[in-house]
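Here are my notes on this one, in numbered points. Have the viewer open as you go.

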Amino acid sequence: FAVIKFYLREGAAFMPARLEASLFRALAEIPRVAVRHDVTDVAGRRGIEVSLMASEKVMPKHRRMSFTLEPGTYRYLADSHALLTAKVVDKAFQRR
């Protein structure tokens, strides 16, 4: 996932269309990869989010890595990383 993300971000301007298409096909084969349409990136741009939820075996806590593509052109817009944790609380909206 990280290698494909790197090539889409850094090499898209120089990459042959067939190679770029191969990278997108490879993304579809990676377990735990999800696609969400009509998202907004950190700069407020609308896009398509491609994300990977890492497993406990890979990292000690759940972590999601994602990047956003421009609809139509699939140009790389942004990337993000999120550390997702969950805790049990006694009341709604309570933080520990």
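1. The largest pocket holds about 160 Å³ of space. A pocket here is an open set of points on a 1 Å grid over the protein atoms alone, where a 1.4 Å probe fits, with protein on both sides within 12 Å along at least five of seven lines. The volume is the space filled by probe spheres set on the points, which are joined across faces, edges and corners. Lining residues (an atom within 4 Å of a point) include F24, L27, H37, I48 and Y74. Helix 2 (17–29), strand 1 (33–40) and strand 2 each give two or more residues to that lining; helices (H or I, at least four residues) and strands (E, at least two) are DSSP runs, numbered from the N terminus.

2. Some ground rules: this is a predicted model, so local features need pLDDT of at least 70, side-chain atom pairs count only at pLDDT 80 or more, and totals for chains, interfaces and linings use all residues. Residues are numbered from 1 along each chain as its sequence is written, and side-chain values use heavy atoms, leaving out hydrogens and water.

3. Look at S51 in strand 2 (residues 46–53). S51 counts as buried because its relative accessibility is 7% (buried means under 20% relative accessible area, exposed over 50%, partly exposed in between; 1.4 Å probe, protein chains only). Its contacts (heavy atoms within 4.5 Å), not counting residues up to four places away in sequence, include R32, R64 and S66.

4. S66 sits in strand 3 (residues 63–69) and is buried too, at 1%.

5. F6, in helix 1 (residues 2–10), is partly exposed at 39%.
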